[in-house]
Amino acid sequence: MEGGRESPWTRLPALMLVLLACAVASGDCRVVHVGEAHRRSMLANGLGSTPPMGWNSWNHFACDGNGEVVIRETADALVSTGLAAAGYRYVNLDDCWAEPERDAKGYLVANKKTFPHGIKALADYVHSKGLKLGIYSDAGYNTCAKAQPGSLGYEEKDAKTFASWGVDYLKYDNCNNGDLKPLQRYPDMSKALMKTGRPIYFSLCEWGDMHPAKWGAAYGNSWRTTDDIQDTWESMTSRADQNEVWAEYARPGGWNDPDMLEVGNGGMTNDEYIVHFSIWAISKAPLIIGCDVRHMSQNTYDIIANKEVIAVNQDRLGIQGKKVRMQGSQELWAAPLTGYRMAVLLVNRHAKDDAEITVHWDDIGLPTGTTVEARDLWLHKTLDAKFTDKMAFNLTSHTARMFVLTPLKSQMN
């Protein structure tokens with residue numbers, strides 16, 4: 001795209017184009033009718049019709065502080081702040097929750113010091129708040145932190161254990177500390193989870209090494225497409241770039257996962273966190289909070305609780321957004337939504353300079369001559385001006401503008 005504009009049809013994936021045509025024709029579509037031959041066996045668990053939303057302990061606590069008290073207080077905070085009502089329902093334990101050895105019968109046991117009442121009691125508490133509990137394991141002999149046993153060879157036993165505890169979500173890592181490749185590991189746990197009869201969201205995590213977007217839909221509800229995220233601008237934007245490549249593989253029931261949110265952990269500016277959250281939202285990425293929600297700032301809350309941006313992520317059409325224009329450090333992302341609408345995201349990735357970014361209708365797939373109303377999702381207001389064929393805005397460095405464009409009704413008759 002450098003040096004000139006090109007047709008968006010060379011950039012938008014085939015699935016996105018089919019669904020865009022469907023959306024323009026009728027205002028809504030059921031994505032599961034596209035590519036029926038590729039529907040996942042895991043679709044039977046009924047989960048992931050939209051990207052999951054919740055919280056995970058790793059990005060802020062890692063193995064330090066991931067205990068029963070923190071999890072209970074986090075569940076309380078999600079409810080009291082209104083984040084649960086905004087859609088954040090999963091409360092997920094990451095690594096280091098179990099004893100370093102299995103018991104005499106081969107069962108995983110919660111760490112007696114940090115989880116003295118056990119996982120079942122914790123799940124009951126989380127469920128009493130109207131939330132869901134997630135847990136972590138590994139497809140190898142040990143977990144990534146080497147703090148607890150993995151599930152290799154114990155898939156059915158562990159799946160039954162998780163189900164009996166009331167677990168609702170499993171993050172399943174792959175630290176290559178066994179002899180099997182991911183495609184030899186994940187099917188066993190996938191089948192074991194299905195056999196329990198309990199719907200458990202299955203999150204595959206092998207960091208994109210073997211292109212899981214191509215095969216993950218057969219086994220899980222989402223799959224990591226990147227290495228672990230760090231709380232820096234460079235890490236965040238690189239994960240966004242790596243994830244965007246696989247957009248055509250995302251659909252309701254199975255999502256590309258560029259890793260958890262760093263918003264609120266302190267390594268980026270507030271504007272950079274807005275960019276981070278905006279890209280994850282339009283990318284239909286899982287929105288898994290990674291900060292300490294018990295002690296978050298008002299700025300952090302305002303970002304992760306933005307219901308208008310969340311609505312883009314949770315739109316039932318389920319089409320992952322794509323970069324439809326890149327020019328130097330200027331980026332334009334787009335994703336069709338239900339009801340004839342289009343989400344657009346303008347990002348200035350330049351470290352110092354301002355940039356004027358223009359949205360051309362032929363880049364985002366709107367017909368020439370269409371006049372739209374533009375809703376600014378971060379200012380929470382509908383712009384007074386109406387736009388035909390293009391719109392342009394000036395952005396300072398490391399900032400974003402995000403809009404939902406709605407064609408005027410007179411043009412849709």
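**Strand pairs and salt bridges**

Student: Which residue stands opposite Met-53 in S8?
Tutor: In this predicted model, Leu-287 of S8 stands opposite Met-53.

Student: What makes S1 and S8 a pair?
Tutor: Two strands pair if at least two bridges are found between them. S1 (residues 53–56) and S8 (residues 287–289) have three bridges, in the parallel sense.

Student: How many bridges link S1 and S2, and in which sense?
Tutor: There are three bridges between S1 and S2 (residues 90–92), in the parallel sense. At least two are needed, so S1 and S2 pair as well. Within S2, Asn-92 is the bridge partner of Asn-56.

Student: How do you know that both faces of strand S1 are covered?
Tutor: In a regular strand, side chains alternate between the two faces of the sheet. On one side of S1 are Met-53 and Trp-55, on the other Gly-54 and Asn-56, and all of these are buried.

Student: Why is the contact between Glu-68 and Arg-72 called a salt bridge?
Tutor: The cut-off is 4 Å between a side-chain nitrogen of Lys or Arg and a carboxyl oxygen of Asp or Glu. Here the closest N and O atoms are 3.7 Å apart, so the pair qualifies. Both residues lie in helix H3 (residues 68–80), four residues apart, about one turn of the helix.

Student: Why is Glu-68 called buried?
Tutor: Its relative accessible area is 6%, and buried means under 20%, so Glu-68 falls in that class. Arg-72 has 24% relative accessibility and counts as partly exposed, because that value lies between 20% and 50%.

Student: What makes Asp-76 and Lys-129 a salt bridge?
Tutor: The N to O distance is 3.4 Å, within the 4 Å limit, so the label applies. Asp-76 lies in helix H3 and Lys-129 in the loop between helix H5 (118–128) and strand S3 (132–138), so the pair ties together parts that are 53 residues apart in sequence. Asp-76, with 28% relative accessible area, is partly exposed; Lys-129, at 34%, also counts as partly exposed.

Student: Are Arg-224 and Asp-228 buried or partly exposed?
Tutor: Arg-224 has a relative accessible area of 2% and is buried; Asp-228 has 30% and is partly exposed. The closest N and O atoms of these two residues are 2.8 Å apart, in a salt bridge.

Student: What joins Asp-241, Lys-323, Glu-331 and Arg-349 into one network?
Tutor: Salt bridges that share partners join these four residues. The whole structure has 20 salt bridges.

Definitions and conventions:
Residues are numbered from 1 along each chain as its sequence is written. This is a predicted model: local features need pLDDT of at least 70, side-chain atom pairs count only at pLDDT 80 or more; totals for chains, interfaces and linings use all residues. Side-chain values use heavy atoms; hydrogens and water are left out. Buried means under 20% relative accessible area, exposed over 50%, partly exposed in between (1.4 Å probe, protein chains only).
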